[in-house]
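I opened my notebook to work through this structure one topic at a time. I begin with the pairing of strands.

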Amino acid sequence: MYPKFNLSRDKKDCLSCFNWKDDYCFLQFHSSIELCMVDEGEIEMTIDGKRNLMKKGDIAVILSFSSHAYKTPSHSVTSNLFIPTRMCEEFMAATENKRLTSPYISNEKAYNTIKKYFSLLQEENINSIMQAGYVYVILGTILENTVLEDSTLPKDPELITKILFYIGENYKNDISPIKIAKHFGYTQSHISRYFKACCGITPGRYITITRLRQAIMMMYEGHNITYCIMESGFSSNAAFYRSFKKEFGCSPKEYILKTNTL
């Protein structure tokens, strides 16, 4: 399954740090830098297709728009930090057109340093200057313990974010790659190549999957299938069923029955 743009995460656009027990998330991506530190137990992490069973003291580094998913096999306690790109312009410049050879860090000293400043960020009433300082110590520690290599992906956080927001707010309407390109002042071929390079999927396919996810959520809520189809932006019942079968390999009824038993 293709990753989902976490629209709610990007709309918040603020620094977030919290602890989770037995955490999981489905395949997604967002513009914020995300760090996941394992404090107890184990967690299965996949970042840009690279899987790792993380154990206590391990750190996962999720760069802007990196697809990722994770789940807890039995038990885990993690510390999670989300840093909006506006707070780390120098880090974004240092990692521009780069990617990590490995998004995982297993280093006790690095873990202890990052946990120290993570805890300081959780304190109440810290001023913005101290907050920014703690963030840069954490990001500096990340750069000291990772290796960057050149990437050919033309990631432009500002443009791709705008496109993803546009799709997220308009998928119920009659939108298409042609209309997206026209809205942003580019040719369709340019937008399609750019979108696929950044997100690993064509904009047309992403629109369809966004609509399918919305329909599935509404079906779980108990709405009838016709209402779900209409409210998720499909032009017809036939288009919905054809897209659903192609993506999931079964009918909506079979999918709901199967997932409800998991």
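**Strand pairing**

I take helices (H or I, at least four residues) and strands (E, at least two) as DSSP runs, numbered from the N terminus. Strand 4 and strand 7 pair in the antiparallel sense over four bridges, where I count two strands as paired if DSSP finds at least two bridges between them.

Before going on I noted that the model is predicted, so that local features need pLDDT of at least 70 and side-chain atom pairs count only at pLDDT 80 or more, while totals for chains, interfaces and linings use all residues. I also noted that residues are numbered from 1 along each chain as its sequence is written, and that side-chain values use heavy atoms, with hydrogens and water left out.

Strand 7 (residues 68-71) is also joined to strand 3 by two bridges, and these two strands run antiparallel. Here His 68 is the bridge partner of Gln 28.

**Strand 6**

Is strand 6 enclosed or open? Five of the five residues of this strand (residues 58-62) are buried, so the rest of the structure largely encloses it; buried means under 20% relative accessible area, exposed over 50%, and partly exposed in between (1.4 Å probe, protein chains only). I checked the directions as well: Asp 58, Ala 60 and Ile 62 point one way, Ile 59 and Val 61 point the other way, and all are buried.

Strand 6 pairs with strand 4 in the antiparallel sense over four bridges, and in this pairing Val 61 stands opposite Leu 35. Three bridges join strand 6 to strand 10 (residues 104-106), again running antiparallel, with Tyr 104 as the bridge partner of Ala 60.

**The loop with His 30**

I found His 30 in the loop between strand 3 (25-29) and strand 4 (33-47), and it counts as buried at 1% relative accessibility. Its side chain makes a polar contact of 3.0 Å with the side chain of Glu 34, a polar contact being a pair of N or O atoms within 3.5 Å; within protein, one must be able to donate a hydrogen and the other to accept it, and residues adjacent in sequence count only if both atoms are side-chain atoms. A polar atom of the His 30 side chain also lies 3.2 Å from the backbone oxygen of Ser 32.

**Nonpolar cores**

A nonpolar core is a set of buried Ala, Val, Leu, Ile, Met, Phe, Trp, Tyr and Cys residues joined through side-chain atoms within 4.5 Å. The largest one has 27 residues, of which Ile 33, Ile 59, Val 61, Leu 81, Ile 83 and Leu 121 touch the most other members. The largest share of this core, six residues, comes from helix 3. A second, separate core of 21 residues includes Ile 180, Tyr 194, Cys 198 and Ile 201.

I then listed the contacts of Leu 81 (heavy atoms within 4.5 Å). Leaving aside its neighbours within four places in sequence, Leu 81 touches residues including Ile 33, Leu 35, Phe 118, Leu 121 and Ile 138.

**Helix 6**

In helix 6 (residues 177-184) the buried residues are Pro 177, Ile 180, Ala 181 and Phe 184. Seen down the helix axis, these fall within an arc of 100°, so they line one face; the arc is that of the directions from the helix axis to the C-beta atoms. The face turned away from the buried side carries the exposed residues Ile 178 and Lys 182. Just after the helix, Gly 185 takes a positive phi of about 80°.

**Salt bridges**

I counted a salt bridge wherever a side-chain nitrogen of Lys or Arg is within 4 Å of a carboxyl oxygen of Asp or Glu, and the count comes to six. One of them joins Asp 39 and Lys 115 (3.4 Å, N to O). Asp 39 lies in strand 4 and Lys 115 in helix 3, so the pair ties together parts that are 76 residues apart in sequence. Asp 39 is buried, with a relative accessible area of 11%.

Another joins Lys 98 and Asp 150 (2.6 Å, N to O), with Lys 98 in strand 9 (residues 98-100) and Asp 150 in strand 11, 52 residues apart. Lys 98 counts as partly exposed at 33% relative accessibility, whereas Asp 150 counts as exposed at 59%.
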